[in-house]
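Visitor: Please take a close look at one part of this model for me. I would like to hear about the pockets and the aromatic rings.

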Amino acid sequence: MIREEAQRLAQAFLAATENPNSPGLNPQGFGGVAIEGAQLYFEWRDKEQALECSALIHKFRDNPKPGIIEGFQQEEKSGTDTGGGTVDYEPENKSLFLSRTYTQAPPHTAFIEDMKRLMKASLVWGDDVLDRVASRVFKP
């Protein structure tokens with residue numbers, strides 16, 4: 001994939017979600033949108049020639065307690081719907097995402113549906129799965 005294809009994918013999704021005038025990705029290769037409580041971020045990875053799409057599950061105030069990230073990874077392994085993404089913890093911003101990376105540009109309609117699924121799953125993970133993981137990790 002080339003950056004222009006990634007740009008067009010991001011623009012297509014944003015246009016489909018009532019953000020028709022968005023550039024998709026800024027000059028640094030980042031973009032994003034918040035829709036109905038879900039937050040989606042785009043990042044162009046020049047070295048890999050890939051577009052990473054990440055839907056926020058949770059932003060931690062402090063570093064997560066031991067076992068939390070592993071608990072989310074276990075949920076993924078057990079088959080909890082990830083909307084096509086994988087559990088992705090980013091320590092530099094203390095945020096947990098469901099992320100999906102594209103190295104080939106899919107058709108715009110498929111990409112739009114993929115992003116909707118990813119965002120929908122992130123909302124479930126931010127509510128139900130977070131509660132389930134926390135109750136296991138912090139059980140008295």
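Guide: What follows goes through the pockets and then the aromatic pairs. The model is a predicted one. Its largest pocket has a volume of about 240 Å³. Of the 13 residues lining this pocket, Phe30, Tyr41, Glu43, Asn93 and Phe97 are the closest to its centre. Strands S1 (30-35), S2 (38-45), S3 (50-59) and S4 (86-90) each supply at least two residues of this lining, and S2 gives the most, with four residues. By type, the lining of the largest pocket holds six charged, four nonpolar and three polar residues.

The second largest pocket has a volume of about 200 Å³. Among the residues that line this pocket are His58, Lys59, Phe60, Arg61, Leu130 and Phe138. Here S3 and helix H3 (108-137) each supply at least two residues. The lining of the second largest pocket divides into six nonpolar, four charged and two polar residues.

Aromatic pairs in the model come to six. The rings of Phe60 and Tyr89 have centres 6.1 Å apart and planes at 75°; planes over 60 degrees apart count as edge-to-face, so this pair is edge-to-face. Phe60 sits in the loop between S3 and helix H2 (68-77), while Tyr89 is in strand S4, 29 residues apart. Phe60 has 13% relative accessibility, so this residue counts as buried.

Phe72 and Trp125 form a stacked pair, 6.0 Å centre to centre with 25° between the planes. This pair links helix H2, which holds Phe72, to helix H3, which holds Trp125, 53 residues apart. Both Phe72 and Trp125 are buried. Finally, Phe13, Phe42, Tyr102 and Phe111 form one aromatic cluster.

How values were computed:
Residues numbered from 1 in each chain as written. Predicted model: local features only at pLDDT ≥ 70, side-chain atom pairs only at ≥ 80, totals over all residues. Heavy atoms only, no water. 1 Å grid on protein atoms, 1.4 Å probe; cavity = no way out; pocket = protein on both sides within 12 Å on 5 of 7 lines; lining within 4 Å. Points joined across faces, edges and corners; volume = space filled by probe spheres on them. Nonpolar A, V, L, I, M, F, W, Y, C, P; charged D, E, K, R; others polar. Phe/Tyr/Trp six-rings, centres within 6.5 Å; stacked < 30°, edge-to-face > 60°. Buried < 20%, exposed > 50% of the residue type's maximum accessible area, 1.4 Å probe, protein only.
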